[in-house]
Amino acid sequence: MKKEFENLKYEAVLFSLKSIGIEKIIFDYSGEGDSGSIDEISFFNSNEEVIYLDKEYDKLINDLEDKIYDILMCITDWYNNDGGGGNIEVFTSNGTYIIHNHIRTIEYHNEKYKGSIQHFKKHNKHIETTNLF
């Protein structure tokens, strides 16, 4: 019963937002280390124009934001280590969403050089060595 109530609550939130002309909501998120957050929430009408909401909608948006965090915690780890980010597009007409998730990684390329201290020559910020790879 509780889950059905929760679903109805989110349907009501989306219906309320659609009734004032909002077709799409974009939640931008990012994270790294051991934490992540939703950085920005944007609202768009059917012409892809930004709509700014009054404070009276804060409670609705907070409820929806909680649900978005639940969804984010179920996708590839975007908030630990090197982190990542992206956005979730939510469509008010049917409650569907699209996630654009980006995982940040650090890539290392190992190189090994051989040279002689006695014969080292510097040429325009490059060194004269032999690349072993």
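Helices (H or I, at least four residues) and strands (E, at least two) are DSSP runs, numbered from the N terminus. This is a predicted model, in which local features need pLDDT of at least 70, side-chain atom pairs count only at pLDDT 80 or more, and totals for chains, interfaces and linings use all residues. Residues are numbered from 1 along each chain as its sequence is written, and side-chain values use heavy atoms, with hydrogens and water left out.

**Exercise 1. Chain overview**

Task: State which pattern of helices and strands the protein chain follows, and how many of its residues count as buried, in percent.

Solution.
Step 1. The secondary structure of the chain amounts to two helices and eight strands.
Step 2. Along the sequence, these elements give the pattern α-β-β-α-β-β-β-β-β-β.
Step 3. Burial is set by relative accessible area: buried is under 20%, exposed over 50%, and partly exposed in between (1.4 Å probe, protein chains only). Of the 133 residues of the protein chain, 26% count as buried.
Step 4. Accessible areas come from the Shrake-Rupley method with a 1.4 Å probe; for residues, only the protein chains shown count as cover. The protein chain exposes about 9,800 Å², of which carbon and sulfur atoms supply 51%.
Step 5. A contact means heavy atoms within 4.5 Å. Among contacts between residues at least 6 apart in sequence, 52% join residues at least 24 apart.

**Exercise 2. The sheet**

Task: Give the strand order of the open sheet of four strands, and find which strands stand at its edges.

Solution.
Step 1. Two strands pair if DSSP finds at least two bridges between them.
Step 2. The order is β2-β1-β3-β4, with antiparallel pairing. At the edges stand β2 (50-51) and β4 (97-103); each has a single partner strand, so one side of each is left without a neighbour in the sheet.
Step 3. Between β1 and β3, the antiparallel pairing runs over 10 bridges. Two of the bridge partners in β3 are Gly86, for Tyr29, and Ile88, for Phe27.
Step 4. The antiparallel pairing of β3 and β4 runs over seven bridges, and Val90 stands opposite Tyr97 in β4.
Step 5. β3 and β4 form a hairpin with five residues between them, and Gly95 in the turn has a positive phi of about 80°. Gly95 is partly exposed, at 29% relative accessible area. From Gly95 to Tyr10, the C-alpha to C-alpha distance is 8.4 Å, although the two are 85 residues apart in sequence.

**Exercise 3. Helix α2**

Task: Compare the length of α2 with its expected span, and list its buried residues.

Solution.
Step 1. The expected span of a helix is 1.5 Å times one less than its number of residues.
Step 2. With 15 residues, α2 reaches 20 Å from its first C-alpha to its last, close to the 21 Å expected.
Step 3. The buried residues of α2 are Ile61, Asp63, Leu64, Glu65, Ile68, Ile71 and Leu72.
Step 4. Asp63 has a relative accessible area of 11%. Leaving aside neighbours within four places in sequence, Asp63 is in contact with Lys9 and Tyr10.

**Exercise 4. Salt bridges**

Task: Determine how many salt bridges the structure holds, and describe the pairs Lys18 and Glu23, Glu89 and Lys24, and Asp63 and Lys59.

Solution.
Step 1. A salt bridge is a side-chain nitrogen of Lys or Arg within 4 Å of a carboxyl oxygen of Asp or Glu. The structure holds four.
Step 2. Lys18 and Glu23 meet at 2.8 Å, N to O. Lys18 is partly exposed, with a relative accessible area of 32%, and Glu23 is partly exposed at 27%.
Step 3. Glu89 and Lys24 meet at 3.3 Å, N to O. Glu89 lies in strand β3 (residues 80-91) and Lys24 in strand β1 (residues 24-44), so the pair ties together parts that are 65 residues apart in sequence. Both Glu89 and Lys24 are buried.
Step 4. Asp63 and Lys59 meet at 2.8 Å, N to O. The two are four residues apart in helix α2 (residues 58-72), a separation of about one helical turn. Asp63 is buried, with a relative accessible area of 11%, whereas Lys59 is exposed at 56%.
Step 5. Salt bridges that share partners join Lys24, Glu48 and Glu89 into one network.
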